[in-house]
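Please open the structure in a viewer and keep the selection tool at hand. The stops below are meant to be followed in order.

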Amino acid sequence: MFKLIKYELQGRSKYYIAALIGMFFMFFYINMRLTSKDFTVSLAFSFLAIYLVYIVLVISGIILYAKDVFGNSGYLIFTIPKRGETILGAKLIVAIAEFLIFIFTVVLLSYLNLSINYPVEIVNNFILEYKNTLIPASTLITLFFIFLILLSYFSITLTKTIFYSNKYAIWISLMLMWLIYFIINKLITLISKLFPYSIHIGTGSIIAKAVNTNSNITMYLTPLELNIAALTFETFTLFILFIATSYLIDSKMNL
């Protein structure tokens, strides 16, 4: 697995360097042009930047895997003498590493940007005041990223398994991904209504009530209250997606 991870990282090293340099220049330019004296406005921009990087990372992860599956490199990658879980695990680890590197970079640049334009005490006080919210929220966001990546991997692999031709394959994969996401989301909404017990992160106490069960998967879980049954089901779903995708890579995928 380590050789596969090394191969993946080496193949994307130029992309990493270019993206990181671009992020540094972007934040330097923004810092030079920043005129707002409202800390809230600048903070909102920082969260927007993090959100945009998050979306780009999800799209990038989907495109890179689709390129391997539907491109010429797929035959070489998926026919090596390694089990499906090894190949999939390497790709997932690389995707998570990319996520952590770029999210950490944009968070660090946002912190520096705010600290330059406002008193450091204001920035630090905000972090300390909301740390009990920011930490679990960051964990949930990371888990949701892993879920989206695994769901895309499964959808792309299943599409390649069902259809030998690559024509319209990426569009079929996206529709399949949306359909599975929709079904899982409905199941989570149902589960959270049947078992309306949430744990309060701040106190560790169990709260017998449903929390905004009409919104999207994971995102309906507020940073301080997590529906226990829904979170358990989501964790179980991650394992199922990983196992199912590994099986398809091993035995069923058309190359």
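A crossing of two helices is called left-handed if the near helix is turned anticlockwise from the far one by less than a right angle, and right-handed if it is turned clockwise. Helices here are DSSP runs (H or I, at least four residues; strands are E, at least two), numbered from the N terminus. The model is a predicted one: local features need pLDDT of at least 70 and side-chain atom pairs count only at pLDDT 80 or more, whereas totals for chains, interfaces and linings use all residues. Residues are numbered from 1 along each chain as its sequence is written, and side-chain values use heavy atoms, with hydrogens and water left out.

Two packed helices are described by the angle between their axes and the distance between the axes. Axes are lines fitted to C-alpha atoms, for helices over the stretch in contact, and angles run from 0 to 180 degrees between N-to-C directions.

Select helix H7 (residues 131-162) and helix H8 (residues 169-194): their axes come within 8 Å and cross at roughly 130 degrees. That angle makes H7 oblique to H8; under 35 degrees counts as roughly parallel, over 145 as roughly antiparallel, 65 to 115 as roughly perpendicular, and the rest as oblique. The crossing of H7 past H8 is right-handed.

Next, select H3 and helix H6 (residues 120-129), whose axes come within 12 Å and cross at roughly 60 degrees. H3 and H6 are therefore oblique to each other, and H3 passes H6 in a right-handed crossing.

Now select Ile-55, which is placed in helix H3 (residues 39-70). Ile-55 is partly exposed, with a relative accessible area of 31%; buried means under 20%, exposed over 50%, and partly exposed in between (1.4 Å probe, protein chains only).

**Salt bridges**

How many salt bridges are there? The count is three, a salt bridge being a side-chain nitrogen of Lys or Arg within 4 Å of a carboxyl oxygen of Asp or Glu.

Select Lys-91 and Asp-68, whose closest N and O atoms are 2.5 Å apart in a salt bridge. Lys-91 lies in helix H5 (residues 84-117) and Asp-68 in helix H3, so the pair ties together parts 23 residues apart in sequence. Both Lys-91 and Asp-68 are buried.

Move on to Arg-83, Glu-85 and Asp-250, which are linked in a network of salt bridges. Arg-83 meets Glu-85 at 2.8 Å, N to O, and Asp-250 at 3.8 Å between the closest N and O atoms. Asp-250 lies in helix H9 (residues 228-252) and Arg-83 in the loop between helix H4 (73-78) and H5, so this pair ties together parts 167 residues apart in sequence. Arg-83 is exposed at 52% relative accessible area, while Glu-85 is partly exposed at 30%.
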